[in-house]
Amino acid sequence: MMEGKYAIKVEKLSKRYTIGTKKADSFRQALGGIFRKKNNAKASFLAVDNLNFTINKGEVVGIIGKNGAGKSTLLKLLSQITKPTEGTIRINGRVASLLEVGTGFHPELTGRENIFLNGTILGMTRAEVSRKFDEIVAFSGVEKFIDTPVKHYSSGMYVRLAFSVAAHLEPEILIIDEVLAVGDAEFQQKCLGKMKSIAGEGRTVIFVSHNLAAVKELCQKGIVIEKGKLVFHGESSAAIQAYQSSHGSQSHYENKSVTTDKTAVKAIALCNQALQHCTEFTVNEPILIDIDLNIVSNSAEYAVFIQINDQFGSPVFVAEKQISNQKMTLEIAANFLTRGNYAISCYIHIPRLERIETLDNCCQFNVSDATSSLVIHGNYNYGPVFGNFKWH
């Protein structure tokens, strides 16, 4: 690969941490530590374990993994906040990172002073920062408090200004952690829009998020990390599928013990428009629930009853259909469910008489408003469904 094409190249990268070590506060503790070391070898673990990958200039890459997988450690290494135990990182360009609230801010300085401080850290002149200053402040929405020391800011104000600085001071590489979850819905939309804009300008964005729908929408490539190891690097949609399958995806349910003499559910699957198993949807795409049934001669008496529950187990809505075929599909229309986590319960019953089979919360899925034009600005709780009503 030509030297000028990559933004970041990682080779044999590892970061080892020692568990339970603490500096002695007294001579007595230090002396006791000498004897303990003879009996107990230091326990350690690899937070990042022998990673190798290349991110090209202009790519938007999502890093996916469970809590504790090593994502944040990797970002700290890429941001040069911490040094690797082994391996090398080659960075081709100026990096701006936002890894946690207040990273790079001095609490005693005002918002205005911190903007110029961060600009200096990024290698920009005062004139360059001044040119972007009004745009940074307007995006952050903290105009009234720009001359207040940031130690008095709320966490939301802090992250608004920190993101605005990181995004507007024209870095070649922008590294963003899950810190965006601190902001409200409107701010998250602004951040995603800004990152799209940065990517459109040919700059590189590395984005860590548990919101897989946002990763799917924003990122071209995906990196999946598990227990510090790289398990997948490729197209973002394929990365999401690899992550879901490696962590026991709940997009489908299968009952292998169904007998031929019983009307029962053999399988249920959540699918997207491409008919792929999926657990992450945006509000403006339909959700398909495929049901595979074992049917017997009297199955026409029975009905399939689907109940969608919210994250607290409360019913959101139900749908019912008399059994007519072995395979049936329920389509939940686009722009019906709002953002949130949901579960599916499925019942086979004789209407008003008898329940034959009960499958409670057999599949789970998440709906995100990351790409919706129907999002209500502000952090409002507007219920689980959009009202598609007629107005006269």
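Reader: How many disulfides does the count come to in this chain?

Author: Keep in mind that this is a predicted model. A disulfide needs two cysteine sulfur atoms within 2.5 Å. Take cysteine 278: its nearest cysteine sulfur belongs to cysteine 271 and sits 8.6 Å away, so cysteine 278 is in no disulfide by that cut-off. For the chain, the count comes to zero.

Reader: Which strands pair with S11, and in what sense?

Author: S11 has S10, residues 252-254, as one partner, over three bridges; there, glutamate 254 stands opposite alanine 267 of S11. Strand S13, residues 287-294, is another partner, over seven bridges, and its isoleucine 291 stands opposite isoleucine 268.

Reader: Why is strand S11 largely enclosed by the rest of the structure?

Author: Strand S11 runs over residues 264-271. It is largely enclosed because of how many of its eight residues are buried, and that number is six.

Reader: What share of the chain's contacts with a separation of 6 or more comes from residues 24 or more positions apart?

Author: The chain has eight helices and 18 strands, and 45% of its 392 residues count as buried. As for those contacts, the share from residues 24 or more positions apart is 70%.

Notes
Residues are numbered from 1 along each chain as its sequence is written. This is a predicted model: local features need pLDDT of at least 70, side-chain atom pairs count only at pLDDT 80 or more; totals for chains, interfaces and linings use all residues. Side-chain values use heavy atoms; hydrogens and water are left out. Buried means under 20% relative accessible area, exposed over 50%, partly exposed in between (1.4 Å probe, protein chains only). Helices (H or I, at least four residues) and strands (E, at least two) are DSSP runs, numbered from the N terminus. Two strands pair if DSSP finds at least two bridges between them. Contact means heavy atoms within 4.5 Å.
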